[in-house]
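Hi,

Here is the structure I said I would pass on to you. Have it open while you read, and my notes follow below.

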Amino acid sequence: MPFSNSSELGPSFILASIPGLEAAQSWMAIPLCSAYVLALAGNCAVLLAVRAEPSLHAPMYLFLCMLAAIDLALATATVPRILSFYWFGSREISFGACLLQMFLIHALSAVESTVLLAMAVDRYVAICHPLRHAAILTNRATAKVGLLAMARGVLFFLPLPLLLLPLPFCGSRVLSHSFCLHQDVMNLACANTTPSVVYGLTAILLVMGLDAVLICLSYILILHAVLRLAAWRERLKVFSTCIAHICVVLVFYVPLIGLSVVHRFGKDLAPLVHIIMGNIYILVPAVLNPIIYGVRTKQIQRRILSLMHVTDR
């Protein structure tokens, strides 16, 4: 296949299609589009509910708004481009657009990981040091954490596209996903990619890896504090405030780990596995996060119903 859509920056890439199912891709785009619309509706509903309800203007729910905004940005950076491929056959993506999409995916994932860590710290302070919670986690401090999360994502993952920029691509330019990821693009280069490999792995470990360890540590301390309570009913009541956050952490990290495993050890797997894992990583957190918090938080439920002009019977 010719690669005519090259730019001064570098060659264009070809998004992955499912071998043997190219004719059915327009139908396969329907559930993908439905999931995207559901993600848009759910996360926008959370943002509007928190904005409209003064009692939700607290660190926990402000972090939830950050999470919703990140999920919206991450899904919007990828899904419309995938749909244009599935519905209109626009399979080529320019080098610059691919690097930008790659940067947004990795940087936004890093920001989301940082926000999840901040939410874990919020739960730790609320349970283990309740009298100091309001003084430590003010709305101003929450805003600073959000800015720090954005800066951390940009600073750690901006070098990824910059390291790929000078590399030559002289062989196959067919990606293994319907969007651009660092390792996927890097594997197509016909030059020494050791600096990209080392830096990419280091960035992942220092951001997502470190965050995961600190989240686990936070919950070990929370569990230790909960087990010191006398009554089982009281233990369950206190720990139940963490259930939604634990689910959101699992929804984020399980697809992330699964996608990493597929990249590292799944070279012999069918292309369908790579495509499905990539779409799960992009869309499942965006779809499930508002559902999880909507089910667990009565204030959000009531405000969403009131925004929809539905009376809660």
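Let's start with Pro 59, which sits in helix α2 (residues 59-88); helices here are DSSP runs of H or I with at least four residues, strands are runs of E with at least two, and both are numbered from the N terminus. Pro 59 counts as buried because its relative accessibility is 7%. Buried means under 20% relative accessible area, exposed means over 50%, and partly exposed is in between, with a 1.4 Å probe and protein chains only. Leaving out residues up to four places away in sequence, Pro 59 touches Asp 122, Leu 137, Thr 138, Asn 139 and Thr 142, where a contact means heavy atoms within 4.5 Å. Pro 59 is 235 residues from Gly 294 in sequence, and their C-alpha atoms are 17 Å apart in space.

A quick word on where this comes from: it is a predicted model, so local features need pLDDT of at least 70 and side-chain atom pairs count only at pLDDT 80 or more, while totals for chains, interfaces and linings use all residues. Residues are numbered from 1 along each chain as its sequence is written, and side-chain values use heavy atoms, with hydrogens and water left out.

Now the chain as a whole. It has 12 helices and 2 strands, and along the sequence the pattern reads β-α-α-β-α-α-α-α-α-α-α-α-α-α. The radius of gyration is 21 Å, close to the 20 Å that the globule rule gives for 313 residues, so the chain is as compact as a globular protein of that length. (That radius is taken over C-alpha atoms, and the rule is 2.2 Å times the number of residues to the power 0.38.) The C-alpha trace spans about 65 × 45 × 35 Å along its principal axes. Of the 313 residues, 47% count as buried. Among contacts with a separation of 6 or more, 79% are between residues 24 or more positions apart.

- Leu 117 is in helix α3 (residues 95-128) and counts as buried at 15% relative accessibility. Beyond residues up to four places away in sequence, Leu 117 touches Asp 211, Leu 214 and Ile 215. Ile 215 is 98 residues from Leu 117 in sequence, yet 5.6 Å away in space, C-alpha to C-alpha.
- His 274 belongs to helix α11 (residues 271-296) and is buried, with a relative accessible area of 10%. His 274 and Ser 176 are 98 residues apart in sequence and 6.5 Å apart in space, C-alpha to C-alpha.
- Arg 51 is in helix α1 (residues 25-52). Arg 51 counts as exposed because its relative accessibility is 68%.

Last, the largest pocket, which has a volume of about 520 Å³. The volume is the space filled by probe spheres set on the points, which are joined across faces, edges and corners.) Helices α7 (182-186), α8 (194-227) and α10 (243-265) each supply at least two lining residues, and α8 gives the largest share, 8 residues.

Cheers

Notes. On a 1 Å grid over the protein atoms alone, a cavity is a set of points where a 1.4 Å probe fits but cannot get out, and a pocket is an open set with protein on both sides within 12 Å along at least five of seven lines; lining residues have an atom within 4 Å of a point.
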